[in-house]
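This report describes the helix packing, the sheet, the backbone features and the ligand shell of one protein model. The sequence and the structure are shown first.

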Amino acid sequence: MSLLLYNFAHSTCSQKVRMVLWEKGLEFENYYIDHKIREQTSEWYLKLNPNGVVPTLDHNGSIIIDSSVIIEYLDEVFPENSLTPEDPVERAHMRKWLRYFEEVPTPSIRVPTFNQYLAKKLAKYSDEEYLELANNHPVRKQFYLNMTKGEGFDDRQTEEAVDRLRQTIVRMEKGLTESGGPWLMGKKLTLADYCVVAILDRMEDLGLAGVWKENKLFIDWFDRIKQRDAFKLTFFKNTRLSEFM
Ligand SMILES: N[C@@H](CCC(=O)N[C@@H](CS)C(=O)NCC(=O)O)C(=O)O
């Protein structure tokens, strides 16, 4: 049995998958894609993942892409230490959280991330090179064109993104109240919890933790998940942008 994860050490979508692998106790190897040379859009990588993003999982030669698809796949194929409820209604509720996290905080976190760190790195590209980079990106062309090279997104776009991140915390606080905790789905730790952790860690790294200062249940939940080995193993040294950018 072999599991190989193509990823960036610092990418939130990659961290999501690494946490689930660790939580389930699965052995895996990392292949770190070199973002400095934009290896994610290289010919060989696009054959594996035509979206030109990380992560990608190779399981005994079967290629699985998209972080939420990967974590559901892993939990299905390796049922030990399950992170999915048995009851179909509960499973549907868990998937409701996964889809919400993909739709709301996942695209939103990219905005302050690029503003603070990644947009600056793109300043070195000439206008033509930048346009080429955007055009060559299979799924992020408009995202790159919506920001100013070297600067990032404008105030309106940034406020909208932070507002959506704030909404996520409020939604989670409500979910934890309704489920009775300690986890989003109640007594069982599930993929729903792991789907969002890396985004929240990134918010903290970007100095956005003030957003949840009034959300007591959320704060306890976040502290609880940070105590897990899977969290500690995923966020090894230099996996946070503030540590190496
Ligand atoms: N829906 C995809 C999104 C993956 C994604 O956006 N990955 C980012 C890092 S978190 C990436 O590879 N970005 C590369 C780029 O923008 O060129 C998933 O969940 O796997």
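## Packing of α1 against α9

In this predicted model, α1 passes α9 in a right-handed crossing; a crossing is right-handed if the near helix is turned clockwise from the far one by less than a right angle, and left-handed if anticlockwise. Helix α9 comprises residues 191-205, and its axis lies 9 Å from that of α1, at an angle of about 135°. Axes here are lines fitted to C-alpha atoms, for helices over the stretch in contact, and angles run from 0 to 180 degrees between N-to-C directions. The two helices α1 and α9 are therefore oblique to each other, in a scheme where angles under 35 degrees count as roughly parallel, over 145 as roughly antiparallel, 65 to 115 as roughly perpendicular and the rest as oblique. Helices (H or I, at least four residues) and strands (E, at least two) are DSSP runs, numbered from the N terminus.

On the α1 side the contact is formed by T12, Q15, K16, M19, V20 and E23, and on the α9 side by L191, Y194, C195, V197, A198, I199 and R202. Residues are in contact if their C-beta atoms, placed from the backbone, lie within 7 Å. The α1-α9 contact comprises eight nonpolar, two polar and three charged residues. In this classification Ala, Val, Leu, Ile, Met, Phe, Trp, Tyr, Cys and Pro count as nonpolar, Asp, Glu, Lys and Arg as charged, and the others, Gly among them, as polar.

## Basis of the model

Residue numbers start from 1 along each chain, following the sequence as written. Because the model is predicted, local features need pLDDT of at least 70 and side-chain atom pairs count only at pLDDT 80 or more, while totals for chains, interfaces and linings use all residues.

## Other helix contacts

Helix α1 also packs against α3: their axes come within 9 Å and cross at roughly 10°. That angle makes α1 roughly parallel to α3. From α1, the residues C13, K16, V17, V20 and L21 take part, and from α3, S67, I70, I71 and L74. This contact of α1 with α3 is made up of seven nonpolar, one polar and one charged residues.

Helix α5 (residues 105-121) packs against α8 at an angle of about 135°, the axes being 8 Å apart. These helices, α5 and α8, are therefore oblique to each other, and α5 passes α8 in a left-handed crossing. P105, S108, I109, V111, P112 and N115 of α5 meet Q157, T158, A161, V162, R164, L165 and T168 of α8. Seven nonpolar, five polar and one charged residues make up the contact of α5 with α8.

## The sheet

Four strands form an open sheet in the order β2-β1-β3-β4, with mixed pairing. At its edges are β2 (29-32) and β4 (62-65), each of which pairs on one side only. From one strand to the next, the twist averages 20°. Strands count as paired if DSSP finds at least two bridges between them.

Strands β1 (residues 3-7) and β3 (residues 56-59) run antiparallel and are joined by four bridges. Within this pair, L5 stands opposite L57, and Y6 has T56 as its bridge partner. T56 also stands opposite I65 in β4. The pairing of β3 with β4 is likewise antiparallel, over four bridges. These two strands, β3 and β4, form a hairpin with two residues between them, and N60 in the turn has a positive phi of about 50°.

## Backbone features in loops

Two cis peptide bonds are described here. The bond from V54 to P55 is cis, with omega near 5°, and P55 is placed in the loop between α2 (43-48) and β3. The bond joining G181 and P182 is also cis, with omega about 0°; P182 is placed in the loop between α8 (155-179) and α9.

R38 has a positive phi of about 50° although it is not a glycine. R38 lies in the loop between β2 and α2.

## The ligand shell

The residues around the ligand are S11, T12, C13, Q40, V53, V54, P55, D66, S67, S68, H137 and R140. The shell divides into four nonpolar, six polar and two charged residues.

Note on methods: Near = placed C-beta within 6 Å. Contact = placed C-beta atoms within 7 Å.
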